[in-house]
Amino acid sequence: MRASAKRRASVLAILVCSGAAAQAQNPVGTAPAEDGRPPAVAPLFEQPGVLTPRGKLVLEPSLQFGYSSSNRVVLVGYTIIPALLIGLVDVREVKRNTSTGALTARYGLSNRAELELKVPYVYRSDSTVSREIFTGTGVDRVFETSGRGVGDAELALRYQLNDGGADRPYYVAGLRVKSRTGTDPFSVVTDCSQRCVGPNATGTGLPLELPTGSGFYALQPSLTWLYPSDPAILFGSVSYLKNFKRSGLNRKVLNGEWEPLGTVAPGDVLGFNFGLGLALNERALISFGYDHSSIARTKQNGVPVQGSVRTQLGTLLLGFSYRINDKRTLNIAVGAGLTRDTPDVQLSLRLPFTF
């Protein structure tokens, strides 16, 4: 009886050790990762969360619409007492509509790296309503302008830095290069004669045709993180956009004349965002997020441009994603501006195809 008990104890110990080893290799209750890539979330920002698998090609047509309106009051004169202005009060209301259609191609270099090329097409229209008070006029003046054409093409590279997992964050580094393929803002005709700024300025100073590009090359490094925490996925990123200055610039004005500008350096942009993603079911995802950008002052010939200040852009975002099948996904996002300089509303639609 004692020998039999000893044999049973030995067999039990072997089974326990074997079970522990099996659990170490295949933990119970933990789903094995398919490819070690970050989990999917409903996209809100420019940086996608999930990288393209190795050898796969994703073509993503997209359409984005933005609308903004702002009021501007310009006091031209002087006050002799706080309640009395001697001069003019110029009140302007600017309404701006921007539609951007783009085709983005992403290719998986490996399960950790992808290459992206984006070519946008931009249509813009501005309406400026103004009235000079104290001039006896009761009629609003409307200045309308628009522009359309290819925007600034972009090339980006992203690389996953680590192996994440349940309760372990994923980190994805990115580098984006922006070109100057869009219509240059310095080549469109501005409604001025000889000078657009300064004491001898003439005209409205508004462009007769809106540009479709920024006119400057830019480089943007970024770091994105995703943290799976059942049942939600936390995500966010930080980025820094470096705009490269241009020298020997001239602005085109009326009568075929050019106004010399010298060296112009647009302000760099420091940005960050964060959000929360939830899976509604196997096909539908929903995300909530906030995006913020801080734009530095623009400098001309080493001196800050008159009237240029640091600008803060804050946007509250809501996104929805629905997987139609293994190769197609519908992504919709809406944004609401929280600061005065941010577009009032932004709508975007994306439909990526995987090949």
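Reply: A search of the whole structure finds two cavities of 30 Å³ or more. This is a predicted model: local features need pLDDT of at least 70, side-chain atom pairs count only at pLDDT 80 or more, and totals for chains, interfaces and linings use all residues. Residues are numbered from 1 along each chain as its sequence is written, and side-chain values use heavy atoms, leaving out hydrogens and water.

Me: Which residues line the second largest cavity?

Reply: Lining residues have an atom within 4 Å of a point. Here they are P43, L44, N331, I332, A333, S348 and R350. Strand β16 (329-337) gives the largest share, three residues. Strands are DSSP runs (E, at least two residues), numbered from the N terminus.

Me: Which residues make up the largest nonpolar core?

Reply: A nonpolar core is a set of buried Ala, Val, Leu, Ile, Met, Phe, Trp, Tyr and Cys residues joined through side-chain atoms within 4.5 Å. Buried means under 20% relative accessible area, exposed over 50%, partly exposed in between (1.4 Å probe, protein chains only). The largest core has nine residues: V41, L44, F45, Y170, L226, I233, F235, L317 and A333. Apart from it lies another core, of five residues, including F186 and F216.

Me: How many aromatic pairs are there?

Reply: Rings of Phe, Tyr and Trp (its six-membered ring) pair if their centres lie within 6.5 Å; planes under 30 degrees apart are stacked, over 60 edge-to-face, the rest tilted. The count is two. F186 and F216 are edge-to-face, because their planes stand at 85°, with centres 5.8 Å apart. F274 and Y290 are tilted, at 45° and 5.9 Å. F274 is partly exposed at 45%, while Y290 is buried at 17%.

Me: Is R106 buried or exposed?

Reply: R106 is buried, at 9% relative accessible area. R106 sits in strand β2 (residues 84-108). Its side chain makes a polar contact with the side chain of E60 at 3.2 Å. Such a contact is a pair of N or O atoms within 3.5 Å; within protein, one must be able to donate a hydrogen and the other to accept it, and residues adjacent in sequence count only if both atoms are side-chain atoms. Another, of 3.4 Å, joins the side chains of R106 and E116.

How values were computed. On a 1 Å grid over the protein atoms alone, a cavity is a set of points where a 1.4 Å probe fits but cannot get out, and a pocket is an open set with protein on both sides within 12 Å along at least five of seven lines; lining residues have an atom within 4 Å of a point. Grid points are joined across faces, edges and corners, and a volume is the space filled by probe spheres set on the points. Helices (H or I, at least four residues) and strands (E, at least two) are DSSP runs, numbered from the N terminus.
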